[in-house]
Amino acid sequence: MSEPLLQLQGVHTHIGAYHILQGVDLTVPKGELTVLLGRNGAGKTTTLRTIMGLWQVSAGSVSFEGENIGLLATPDIAQRGIAYVPENMGIFSDLTVAENMILAARNAKRAEDMDPKRLEWVFGLFPAMKRFWQHPAGLLSGGQKQMLAVARAIVEPRKLLLIDEPSKGLAPAIIQNMITAFQELKRTDTTILLVEQNFNFARQLGDQVAVMDGGQIVHSGTMADLAGDEGLQQRLLGLSLASHQ
Amino acid sequence: MTAPATTAVEALPTVKPDRLPLMLLPVLALVALPLIGSTSTWVTLTFAGLAMGMIIFIIASGLTLVFGLMDVLNFGHGVFITLGAFMATSVLGLMTGWTTSTSLLLNLVAVLAAMLVAMSVAGGVGVVFERVIIRPVYGQPLKQILITMGGMIVGEELIKVVWGPEARPLLLPTAFQGSILMGDAAVEKYRLISVVLGLIVFAVMTWVLTHTKVGLLIRAGVQDREMVESLGYRIRRLFIGVFVVGSALAGLGGVMWGLYQQSVIPQLGSQVNVLLFIVIIIGGMGSVTGCFIGAMLVGLLANYTGFLAPKVALFSNILLMVIVLLWRPEGLYPVGKK
């Protein structure tokens with residue numbers, strides 16, 4: 001495992017009266033793709049939102065490049081080089097695809113200000129973005145919106161991508177597009193923390209894996225180990241399902 | 001960086017601009033024409049309605065953006081209108097020689113000075129209002145309603161302390177008085193000026209919202225402020241900016257409304273407040289285009305019904321709101337809010 005880029009130590013998060021994260025310990029190594037698995041309600045999305053500062057850390061520390069970012073405001077966290085793709089994609093539906101991208105490129109005032117090489121690379125990953133450049137994002141299909149959400153996160157180089165369930169509700173062909181795009185992203189040594197429920201999707205991409213249950217990390221290791229051990233899969237993911245029922 | 005080929009991209013639905021709400025304005029005007037009977041009266045009423053609508057739009061545009069960006073219901077917006085109008089009475093009072101002069105240039109300078117002072121003072125008070133009244137109650141709608149209404153009452157009383165409780169005249173400068181003839185129709189000069197000024201404000205606002213990064217951020221923030229923050233932008237700073245500009249525009253609207261009525265009372269803001277909320281609800285909370293059309297509809301309908309059936313004019317705006325909301329429950333141009 002390479003050096004850690006992001007480290008959560010004993011992180012607790014409360015949302016109103018609910019105690020969601022109950023001491024999360026998680027390490028995201030630099031240049032690798034870490035998958036966060038777990039059943040619904042395990043605390044995966046809350047973990048991403050806590051890292052992003054959208055929920056306040058009640059206790060513990062969130063360390064990014066050695067700096068504790070746990071008490072910073074969301075814009076400050078984003079400005080340190082962390083991009084977030086929420087579960088609902090966060091697309092500005094009344095804005096065009098181009099306008100969505102301009103907003104993500106923080107220093108760009110117009111489309112012409114964006115790095116053309118980077119933009120062409122993004123278009124290579126997601127050709128629909130070029131085709132529908134001037135169209136309102138609200139008219140895109142679910143798959144195209146997901147592509148836009150990811151394209152927005154990578155329109156400028158970022159140190160860490162937090163991506164929440166990118167395969168959710170997508171057709172198999174679009175999921176395959178996503179896998180291809182993420183594999184290309186991995187080749188650029190981008191560090192990614194990916195929340196997923198689709199184990200087949202996660203297995204094809206993950207270097208590291210962490211499994212959550214009841215607001216805690218109950219397993220962490222390499223994806224290769226988990227993928228090659230059906231007993232472990234049954235115990236971790238099956239156990240989670242059983243406890244959920 | 002090599003890019004993989006991707007497949008399975010579906011076609012995009014055809015873009016159909018929603019022009020139906022825009023059509024309401026000519027439809028309303030054309031329906032009113034045979035009912036009024038006389039073309040010249042219709043022209044006069046239409047210009048009066050458009051002028052009134054433009055002033056309402058200038059005042060309400062900031063209010064709708066303030067709600068859209070932070071879900072803040074500011075019932076104290078009216079205080080900026082009153083403040084602007086009273087500032088104009090003071091500034092124009094000091095420039096009586098300029099306003100009574102027959103020189104159009106001197107008249108214009110006096111009015112522009114009054115507008116600039118009113119906008120600056122209303123904007124400055126807006127900074128304090130946001131810091132003291134609005135900021136402590138972010139995300140608490142019920143408290144927002146109560147405290148902004150309280151702010152409105154306090155502001156109104158302070159205005160009475162400074163300028164007195166009586167109505168103060170706000171006379172039009174000499175060159176702005178009178179009418180011009182369009183065929184048989186007499187159209188007041190000031191109403192024409194109001195229409196032109198309103199169109200300029202709408203054009204500038206539309207340009208800023210569609211051609212600048214700040215405008216883009218405002219439009220995005222109205223839809224999903226959490227995502228704007230996740231992209232690295234400080235939405236609160238943006239909100240303060242919009243609040244101050246909105247307050248300054250309310251101050252400008254107050255000057256225009258005062259000149260339109262030719263007198264100013266301390267209760268001006270609270271009287272106009274209801275109208276403002278009707279306009280932004282009709283238009284779709286957070287939508288500037290919707291606010292513009294809503295304001296024009298309210299202005300035209302108030303003038304047409306005032307002539308045709310004065311009793312109906314008393315509730316015509318409420319009736320309009322009910323009809324629009326039955327047709328489009330989220331207003332004419334709902335904002336795709338998350």
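**Notebook: helix 14 of chain B, then chain A**

The model I am reading is a predicted one.

The buried residues of helix 14 of chain B are B:Asn317, B:Leu320 and B:Val324. Looking down the helix axis, I found these buried residues within an arc of 55°, so they line one face of helix 14 of chain B. I noted the general rule beside this: an α-helix has 3.6 residues a turn, so residues three or four places apart point the same way.

**Four-stranded sheet, chain A**

I traced an open sheet of four strands in chain A, in the order 2-1-4-5, with antiparallel pairing. The edges are strand 2 (18–29) and strand 5 (67–68) of chain A; each has a single partner strand, so one side of each has no neighbour in the sheet. Strand 1 (residues 4–15) and strand 2 of chain A pair antiparallel over nine bridges. Among the bridge partners, A:Ile15 goes with A:Tyr18 in strand 2 of chain A. Helix 1 (residues 44–51) of chain A packs on this sheet and touches strand 1, strand 2 and strand 4 (57–64) of chain A. The direction of helix 1 makes about 70° with that of strand 2 of chain A.

**Six-stranded sheet, chain A**

I then followed an open sheet of six strands in chain A, with the order 6-7-8-3-9-10 and mixed pairing. Strand 6 and strand 10 of chain A are at the edges with a single partner strand each, so one side of each is left without a neighbour. From one strand to the next, the twist averages 15°.

Strand 6 and strand 7 of chain A pair in the parallel sense over four bridges, and A:Tyr84 has A:Leu162 in strand 7 as its bridge partner. Helix 6 (residues 142–154) of chain A lies across these two strands, at about 175° to strand 6.

At the other end of the order I looked at strand 9 (residues 208–213) and strand 10 (residues 216–222) of chain A, which pair antiparallel over six bridges. They form a hairpin with two residues between them. In the turn, A:Gly214 has a positive phi of about 55°.

A:Met89 is not a glycine, yet its phi is positive, about 75°. A:Met89 sits in the loop between strand 6 (82–85) and helix 3 of chain A. Is A:Met89 buried or exposed? A:Met89 has 24 C-beta neighbours inside 10 Å, so it counts as buried.

A:Glu165 also has a positive phi, near 45°, and lies in the loop between strand 7 (160–164) and helix 7 of chain A. With 22 C-beta neighbours inside 10 Å, A:Glu165 counts as buried.

**Where the chains meet**

I found 39 residues of chain A in contact with 29 residues of chain B. On the chain A side, helix 7 gives the largest share, five residues. That side divides into 21 nonpolar, 13 polar and five charged residues.

How values were computed:
Residues numbered from 1 in each chain as written. Chains lettered and ligands numbered in written order. Predicted model: local features only at pLDDT ≥ 70, side-chain atom pairs only at ≥ 80, totals over all residues. Pairing = 2+ DSSP bridges. Contact = placed C-beta atoms within 7 Å. Axes fitted to C-alpha atoms, helices over the stretch in contact; angles between N-to-C directions. Buried ≥ 20, exposed ≤ 12 C-beta atoms within 10 Å, placed from the backbone. Arc of directions from axis to C-beta. Nonpolar A, V, L, I, M, F, W, Y, C, P; charged D, E, K, R; others polar.
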